[in-house]
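Please look through the sequence and the structure shown below, and keep both in view while you read the explanation that follows.

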Amino acid sequence: MRACAEIQGRNVWGLANRGFHDKIVAGADVTMLEAGCESCGACAAYCPTGSLTDKPSRGLGRSYQMKKVTTTCTYCGVGCNFDLNVKNGKVVKVTSNRKSVVNGIALCLKGRYGAEFIHHKDRLTKPLIKKDGKFVEASWDEALTLVADKLGQNKGDKFAFLASAKATNEENYLFMKFTRAVMGTNSVDHCARL
């Protein structure tokens, strides 16, 4: 309850009844959605008794069996830090990093539960280039050379860049500088403005 109130600032959890009939409820004994729960997982992450656990990582290992790798979230430009918990070369779960100056121990829904794409079967692991109308695997050198050649052929008003809210401010600044200084156009915009 305190994690929800003090870390996330949501106050979803409360107590109903009195004495021996006390029970933990969401809001005024309504559904979690009606109580304003954002499914951030803070209650499960900081449950002192272990009564609440994260379903995606249940049974995949204990914390001492995992290596923690600190990284930055890619879902928005805030720059939250967290730890990827890795076991046998696979990310098992995400936990807060207490040393993070950006977000402290708070994480949003995407940050805590959005790492499943890392090991998804449809994720591209090698560059693809189009040959004869079909995508084929290529080496990184071949792909980067092709991109550099195509960019060189499309300088000026043939080129436009759409920046992303998922990138940091510094990355968006570099995109803008690249578009204007290297590609020679002012055709740069940001999806958050739309």
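Glu-142 and Lys-131 form a salt bridge, in which the closest N and O atoms are 3.2 Å apart; the term salt bridge is used here for a side-chain nitrogen of Lys or Arg within 4 Å of a carboxyl oxygen of Asp or Glu. Since Glu-142 belongs to helix H4 (residues 140–153) and Lys-131 to strand S6 (residues 128–131), the pair ties together parts that are 11 residues apart in sequence. Helices (H or I, at least four residues) and strands (E, at least two) are DSSP runs, numbered from the N terminus. Glu-142 is partly exposed, with a relative accessible area of 33%, and Lys-131, at 43%, also counts as partly exposed. On this scale, buried means under 20% relative accessible area, exposed means over 50%, and partly exposed lies in between, with a 1.4 Å probe and protein chains only.

This is a predicted model, in which local features need pLDDT of at least 70 and side-chain atom pairs count only at pLDDT 80 or more, whereas totals for chains, interfaces and linings use all residues. Residues are numbered from 1 along each chain as its sequence is written, and side-chain values use heavy atoms, with hydrogens and water left out.

The structure holds 6 salt bridges. Side chains of opposite charge can pair when their charged atoms come close. One of these salt bridges joins Arg-10 to Glu-38, with the closest N and O atoms 3.4 Å apart. Arg-10 lies in the loop between helix H1 (2–7) and strand S1 (13–16), while Glu-38 lies in the loop between strand S2 (23–26) and helix H2 (42–45), so this pair ties together parts that are 28 residues apart in sequence. Arg-10 is partly exposed at 35% relative accessibility, and Glu-38 is partly exposed at 45%. Another salt bridge links Lys-23 with Asp-29, where the closest N and O atoms are 3.3 Å apart; Lys-23 is partly exposed at 38% relative accessibility, as is Asp-29 at 46%.

Strand S2 also holds Ile-24, which is exposed, with a relative accessible area of 57%. Together with Met-1 and Leu-15, Ile-24 makes a nonpolar surface patch of about 320 Å².

We can turn next to the sheet. Strands of a sheet pair through backbone hydrogen bonds, either parallel or antiparallel. Here 3 strands form an open sheet in the order S3-S4-S5, with antiparallel pairing, and two strands are taken to pair if DSSP finds at least two bridges between them. Strand S3 (67–72) and strand S5 (90–96) stand at the edges with a single partner strand each, so one side of each is left without a neighbour in the sheet. From one strand to the next, the twist averages 35 degrees. S3 and strand S4 (residues 81–87) run antiparallel and are joined by 6 bridges, and Val-69 stands opposite Leu-84 in S4.

After H5 comes Gly-184, whose phi is positive, near 70 degrees. Gln-153 has its place in helix H4 and is exposed, with a relative accessible area of 51%. The C-alpha atoms of Gln-153 and Met-183 are separated by 9.9 Å, although the two residues are 30 residues apart along the chain.

Terms used: Axes are lines fitted to C-alpha atoms, for helices over the stretch in contact, and angles run from 0 to 180 degrees between N-to-C directions. Patches are made of residues with over 30% relative accessible area and no salt bridge: like charges are joined within 9 Å, nonpolar side chains (Val, Leu, Ile, Met, Phe, Trp, Tyr) within 5 Å. Accessible areas come from the Shrake-Rupley method with a 1.4 Å probe; for residues, only the protein chains shown count as cover.
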